[in-house]
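Please consider the structure shown below.

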Amino acid sequence: MRIRYFLPLALMLSLMLIACQQGEGSSQPKLAVVDMTRIMRDSEAGKAGVKHLEALQADMQEQLNAIQGRLEKNANDADAQKELQTVYMMSQQRMQVEQQNVVNVLYDTMQRIINAYRTEKGYALIISSEAAASFDPKADVTTDIIAAMNKQKVDFKAAAPEGAADAAAAPAAEAPKAAAPAEKPADKAAEKPAKPAEKK
């Protein structure tokens with residue numbers, strides 16, 4: 001008869017263990033994923049960044065077209081050839097800097113919003129969907145992050161590449177040097193007529 005008393009107790013302990021396991025499962029940290037590429041592409045800030053780069057690229061292309069127009073009229077214009085090469089190289093370097101600047105601004109804004117969203121929603125971890133081997137689509141919070149990004153005003157300012165000022169100043173510095181020898185003969189020619197006048 002005593003053995004029968006232990007059976008309900010063992011069953012009760014089993015049920016309590018199951019309940020504890022379920023409680024532990026419900027208290028597991030919340031996880032979420034975001035599609036970083038989609039945020040960059042579909043958010044208003046991302047679209048503004050693309051427009052900013054397209055405007056800069058159009059300006060650079062206009063400068064190149066003007067130099068190429070001079071070469072079409074005179075293919076032997078050595079100055080235009082050198083200028084075209086210089087402007088082209090500087091344009092490439094500047095675009096690389098501008099693209100990196102846009103990415104940095106977008107990433108900083110996105111990271112700040114994701115951190116705030118994680119804290120507000122109680123997530124322990126939000127990772128990039130590209131880094132996740134597999135995940136439940138319900139864990140994807142990309143749409144919420146894009147909505148939060150669209151409420152932020154992001155300004156993109158042109159970033160001058162390193163050494164651009166020196167490169168731009170170099171031709172200007174060379175111009176006076178080239179003009180200086182031309183001025184010396186003119187000065188000497190102006191001084192020669194003055195000498196006979198002094199003898200009289």
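**From one contact to the whole chain**

The side chains of Ser129 and Glu130 are joined by a polar contact of 3.4 Å. A polar contact is a pair of N or O atoms within 3.5 Å; within protein, one must be able to donate a hydrogen and the other to accept it, and residues adjacent in sequence count only if both atoms are side-chain atoms. This is a predicted model, in which local features need pLDDT of at least 70 and side-chain atom pairs count only at pLDDT 80 or more, while totals for chains, interfaces and linings use all residues. Residues are numbered from 1 along each chain as its sequence is written, and side-chain values use heavy atoms, with hydrogens and water left out.

Ser129 lies in the loop between strand 2 and helix 5. Helices (H or I, at least four residues) and strands (E, at least two) are DSSP runs, numbered from the N terminus. Ser129 is buried because its relative accessible area is 13%, and buried means under 20%, exposed over 50% and partly exposed in between (1.4 Å probe, protein chains only). Leaving aside residues up to four places away in sequence, Ser129 touches Val33, Val34, Asp35 and Phe135; contact here means heavy atoms within 4.5 Å.

With residues up to four places away in sequence not counted, Val34 touches residues including Ile39, Ile114, Ile126, Val141 and Ile145. A nonpolar core is a set of buried Ala, Val, Leu, Ile, Met, Phe, Trp, Tyr and Cys residues joined through side-chain atoms within 4.5 Å. The largest such core has 22 residues, of which Val34, Ile39, Ile126, Val141, Ile145 and Met149 touch the most other members. At least two residues of this core come from each of strand 1 (30-34), helix 3 (44-73), helix 4 (78-121), strand 2 (123-128) and helix 5 (142-150). Helix 4 supplies the largest share, 7 residues. There is also a second, separate core of 6 residues, with Ile67, Leu71, Leu84 and Val87 among them.

Ile67 and Leu71 also belong to the buried residues of helix 3, as do Gly49, His52 and Leu53. The buried residues of this helix pack against helix 2 (36-42), helix 4 and helix 5. The 30 residues of helix 3 should span 44 Å at 1.5 Å a residue, and its end C-alpha atoms are 44 Å apart, so the two values agree. The expected span is 1.5 Å times one less than the number of residues.

Arg38 is located in helix 2. Arg38 is partly exposed, with a relative accessible area of 26%. Although Arg38 and Thr142 are 104 residues apart in sequence, their C-alpha atoms are 7.7 Å apart in space. Arg38 touches Thr142, and also Ser43, Thr143 and Ile146, when residues up to four places away in sequence are not counted.

Which residues are buried, and what is the pattern of the chain as a whole? Tyr117 and Tyr123 are both buried. Across the protein chain, buried residues make up 22% of the 200 residues. The chain has 7 helices and 2 strands, in the order α-β-α-α-α-β-α-α-α along the sequence. Of its contacts with a separation of 6 or more, 82% are between residues 24 or more positions apart.
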